[in-house]
Amino acid sequence: MAKKIILTGDRPTGRLHIGHYVGSLRRRVELQNSGEFDDVLIMIADAQALTDNADNPEKIRQNVLQVAIDYLSAGLDPKKCHIFVQSAVPELTELAFYFMNLVTVSRVQRNPTVKTEIKMRNFEADIPTGFFCYPISQAADITLFHGSIVPAGEDQKPMIELTNEIVRRFNNTYGEVLNECQILLPQQAACLRLPGTDGKAKMSKSLGNCIYLSDTAAELKKHVNSMYTDPQHLTIDQPGHLEGNTVFTYLDAFATDDDFARFLPDYKNLDELKAHYTRGGLGDGTCKKFLLNVLNDRLEPIRTRRAELEQNLDYVYQVLRDGTEYARHIGQQTLAEVRRAMRIDYFEDPNFIKEQKAQITNR
Ligand code: TRP
């Protein structure tokens, strides 16, 4: 039976925020601890980050370490998973180069995530080729390690589709070497794309609407208190609206029944709280206070571990070094198979030279 291998990663363009946490990180930790997988590989995608940050390598360089600390403090455990740095595995680049022959330009142009990103970055007139090709390189990220399960957000769906197209194309052309994969999306709708604290579509550093895993308790409190709710909910007894109400979206993503028992026992669960809010008579302050308790409960242990890791950066670097060495080892094995299948293993194939001699020298 095919092995169950998890492969996923993040671009190190900034520290990770709670959108990353509910969208993927929390799940990765559970999966890692489930013992159900043959291997768990987590990649810091610095090479992909450079595809749209070519002129800002220092930013990427700093954030490789920050993301590694975020991973470890969120509970990824190097005894159960391998955390590695993309650019330090050159086999990825080689595989991506071969994959480029199997994908048309128009196929990449149809990728809705890339389309959105091109708009967001004002790349319409001048798209860096590397950026344009990153979905192909992402197919290499997954297949080099025989990744079969990719925990990621909804925006990564088109990448997984493309990966599987490439795998089928490769296997049909050269023989069965690579395997297809499947995306593992967050279970709840609220976790698919957690909005910023201002209710805007996405958390983004430039909008200042992110709650980072590394935020202090005081910063968290400030964010929660200024969070966007229902602008029409002016007095407590008015009925409030849940649609687009960030506090409730965050509660959807974070709050459990157990949280109610611990922090807000007047209500059994979120449905009861929502019912009261929409009926009228429940103020935003109560909801925010509850949310703050819930978030603090999740983030406090992460903060504590981060503080420890910050005092032990040698350890963090050792984790990356070990993980990367492991990833390279797997990558080299896969690439040897790829080269054999593609008939470019000249020096590894003694029969090849024999055949050529028979054809050419002894003609
Ligand atoms: N594109 C992903 C992101 O922007 C990062 C990434 C790179 C990735 N390679 C991957 C995710 C492979 C899953 C699998 O977050």
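Q: Which residues lie nearest the centre of the largest pocket?
A: In this predicted model, the lining of the largest pocket is made up of 49 residues. Several elements give two or more residues to that lining, among them strand 1, helix 1 (18-34) and helix 6 (112-120). The lining residues that lie nearest the centre are Arg11, Thr13, His20, Asp155 and Lys202.

Q: How many residues of each class are in the lining of the largest pocket?
A: The residues that line the largest pocket can be sorted into nonpolar, polar and charged classes. The lining then has 14 charged, 17 nonpolar and 18 polar residues.

Q: How much space lies in the largest pocket?
A: Rolling a probe the size of a water molecule over the atoms shows where empty space is left. For the largest pocket, the space comes to about 1600 Å³.

Q: Where does the ligand sit, and which elements give two or more residues to the shell around the ligand?
A: The ligand sits in the largest pocket. Two or more residues of the shell around the ligand come from each of these elements: strand 1 (5-10) and helix 8 (134-143).

Q: Which residues surround the ligand, and how do they divide by class?
A: Leu7, Thr8, Gly9, Arg11, Met43, Ala45, Gln48, Gln138, Asp141, Ile142, Val150 and Gln156 surround the ligand. By class, this shell divides into two charged, five polar and five nonpolar residues.

Q: Which N or O atoms in glutamine side chains are within 3.5 Å of a nitrogen atom of the ligand, and at what distances?
A: A polar contact requires a pair of N or O atoms within 3.5 Å. A side-chain N or O atom of glutamine 156 is 3.1 Å from a nitrogen atom of the ligand, and one of glutamine 138 is 3.0 Å from a ligand nitrogen. For glutamine 48, the distance from such a side-chain atom to a nitrogen atom of the ligand is 2.7 Å.

Q: What percentage of the ligand's accessible area does the protein cover?
A: On its own, the ligand has 360 Å² of accessible area. The part of this area that the protein covers is 90%.

Q: What is the phi of histidine 146, and what is that of arginine 343?
A: Most residues other than glycine have a negative phi. Histidine 146, in the loop between helix 8 and strand 4, has a positive phi near 55°. Arginine 343 is in the loop between helix 16 (313-341) and helix 17 (350-361), and the phi of arginine 343 is also positive, near 65°.

Notes
Residues are numbered from 1 along each chain as its sequence is written. This is a predicted model: local features need pLDDT of at least 70, side-chain atom pairs count only at pLDDT 80 or more; totals for chains, interfaces and linings use all residues. Side-chain values use heavy atoms; hydrogens and water are left out. A residue is near a molecule or strand if one of its heavy atoms lies within 4 Å of it. A polar contact is a pair of N or O atoms within 3.5 Å; within protein, one must be able to donate a hydrogen and the other to accept it, and residues adjacent in sequence count only if both atoms are side-chain atoms. Accessible areas come from the Shrake-Rupley method with a 1.4 Å probe; for residues, only the protein chains shown count as cover. On a 1 Å grid over the protein atoms alone, a cavity is a set of points where a 1.4 Å probe fits but cannot get out, and a pocket is an open set with protein on both sides within 12 Å along at least five of seven lines; lining residues have an atom within 4 Å of a point. A molecule sits in a cavity or pocket if more than half of its atoms lie within 2 Å of its grid points. Helices (H or I, at least four residues) and strands (E, at least two) are DSSP runs, numbered from the N terminus. Ala, Val, Leu, Ile, Met, Phe, Trp, Tyr, Cys and Pro count as nonpolar, Asp, Glu, Lys and Arg as charged, and the others, Gly among them, as polar. Grid points are joined across faces, edges and corners, and a volume is the space filled by probe spheres set on the points.
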